Structure formats: structure tokens, C-alpha cells
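Hi everyone, thanks for coming. I'd like to walk you through one structure today, so please have a look at it with me.

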Amino acid sequence: PISPFTVDATAVLAEPNKYCTVQRNPAVCQLDHSTLFNCGKQTLVSWVNGNGNAVFNYSAPNPYAVQQLKTSMIELICAVSVKAGDSKLVFVTEQPSNTYHFQLTSECCCPGVCAAKKSSSSSSSLSVGSILLIVLFALLIVYFIIGAIYMKIHAGASGSEIVPNNSFWFALPGLIKEGVVFLFSKCKKSDSYEKI
């Protein structure tokens with residue numbers, strides 16, 4: 001889908017823009033004799049297969065002919081050589097009256113090309129949390145290796161004493177257990193009190 005937009009053409013408009021605003025959800029706008037017209041709403045869209053290419057049909061009520069619609073037909077032409085940022089939208093013809101034909105040429109008009117690029121780029125990247133965890137564990141490994149080498153060479157430690165700050169690391173599991181028990185005991189409602 002096309003992102004909603006409002007056209008700012010106040011310098012060339014004879015009257016205020018009332019047809020091509022975000023509230024009217026335009027997909028295509030036409031500037032005709034200093035007046036903007038909505039030539040296709042994003043909510044009134046259908047697609048057909050024309051000449052082997054997908055064609056999107058956007059429609060909008062014609063403000064000057066109540067029973068008529070303005071229709072924009074955008075034919076998607078697959079061209080792998082035309083990158084997404086260089087896509088070309090070309091007006092072809094208006095036939096019959098109030099029916100506008102366009103051609104959009106891009107690699108994104110080829111089945112699955114842009115979707116595959118988007119999914120491959122998003123799946124290969126790491127989140128901020130993943131990067132922080134990798135850095136944390138890498139620093140812990142470096143801390144333990146350098147600390148063990150220092151304790152062995154400079155302090156002459158052996159066995160479990162080779163672990164740097166071993167009293168903290170050996171007490172850590174018990175401290176975590178006590179913290180969890182404390183947390184859940186405070187959350188549990190007690191029905192009785194001890195007498196003094």
C-alpha cells in the first residue's frame with residue numbers, strides 16, 4: 001500500500017485543497033487547472049492480471065459528477081535492473097475520460113524480490129539485547145581467564161582458589177536462592193501473626 005499523504009501545492013491552487021488530504025486517503029492525485037482531485041482512494045482498490053502484469057485499480061468519487069468515479073490503473077512492470085529507490089512511475093493515457101493509466105517499473109514489482117531482500121536483511125541482524133548479552137558473556141570469559149592466570153602466577157593459587165573473587169562466585173547461587181525466597185515470601189499473604 002501507498003503511505004497516506006497530503007499534497008502541498010498552495011502556490012498553484014485556485015481554491016483550498018479539499019480532495020487530496022490524509023482524511024480522504026488518496027493513492028493518486030491530479031492537479032487540473034489549479035485544483036487537486038483525488039483520482040483513487042487507498043480504501044477503494046482492486047487488482048487484476050493484465051497482459052501478465054498485476055494492475056492495481058484505485059477509485060475515488062468524482063466531485064463534479066456524482067454517479068461517476070475517477071479511476072487510476074497502475075500496471076506493475078517487473079524490471080530487476082531498476083532498483084527500488086529508482087522506481088519509475090509513468091503516466092500513459094487517460095482513456096476513457098476520468099480513467100488514468102500508469103506504469104510502475106521496479107524490481108519490487110517482481111514476485112518476492114523486495115520481500116526476500118527485506119526478510120533476509122532483518123533476519124541476519126541482531127537485536128540490541130542479543131549484542132549486549134554477547135558482550136557480557138565475552139567479558140565474563142575474559143575476566144575469568146585473565147583472573148585465573150593472575151591467581152595462578154602471581155598469587156600461587158591452586159584448585160578452586162584459582163577462581164578470581166572465589167568467595168563471591170561460590171556464594172552467588174545461595175544469594176540468588178535467598179533473594180527469590182525472600183521475594184515470594186513477602187508476596188504471600190500470612191493469616192497469623194506471632195504473639196510478643
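Let's begin with serine 72, which is buried at a relative accessible area of 0%; buried here means under 20%, exposed means over 50%, and partly exposed is in between, with a 1.4 Å probe and protein chains only. Before I go on, a word on the source: this is a predicted model, where local features need pLDDT of at least 70 and side-chain atom pairs count only at pLDDT 80 or more, while totals for chains, interfaces and linings use all residues. Residues are numbered from 1 along each chain as its sequence is written, and side-chain values use heavy atoms, leaving out hydrogens and water.

Back to serine 72. It is found in strand S4, and strands are DSSP runs of E with at least two residues, helices runs of H or I with at least four, numbered from the N terminus. Which residues does serine 72 touch? Not counting residues up to four places away in sequence, they are Val28, Cys39, Phe56, Asn57, Tyr58, Tyr100 and Phe102, where contact means heavy atoms within 4.5 Å.

Several of those names come back in the largest nonpolar core, which has 10 residues: Ala27, Val28, Phe37, Cys39, Tyr58, Ile74, Leu76, Tyr100, Phe102 and Cys109. Such a core is a set of buried Ala, Val, Leu, Ile, Met, Phe, Trp, Tyr and Cys residues joined through side-chain atoms within 4.5 Å. Strands S1 (26-32), S2 (35-50), S4 and S6 each give two or more residues to this core.

Now follow tyrosine 100 into the sheet. Tyrosine 100 in S6 is the bridge partner of glutamate 94. Strand S5 (residues 88-94) and S6 run antiparallel, joined by six bridges; strands pair if DSSP finds at least two bridges between them. Four residues sit between the strands of this hairpin, and asparagine 98 takes a positive phi near 70° there.

Finally, the cysteines. The structure holds one disulfide, meaning a pair of cysteine sulfur atoms within 2.5 Å. Cysteine 78 and cysteine 110 form it, with their sulfur atoms 1.8 Å apart, and the link is right-handed, with 95° about the S-S bond. Cysteine 78 lies in strand S4 (residues 65-78) and cysteine 110 in the loop between strand S6 (99-106) and helix H1 (113-124), so the pair ties together parts 32 residues apart in sequence. Cysteine 78 is partly exposed at 40% relative accessibility, whereas cysteine 110 is buried at 5%. Cysteine 109 is in no disulfide, and the nearest cysteine sulfur, that of cysteine 110, is 7.0 Å away.
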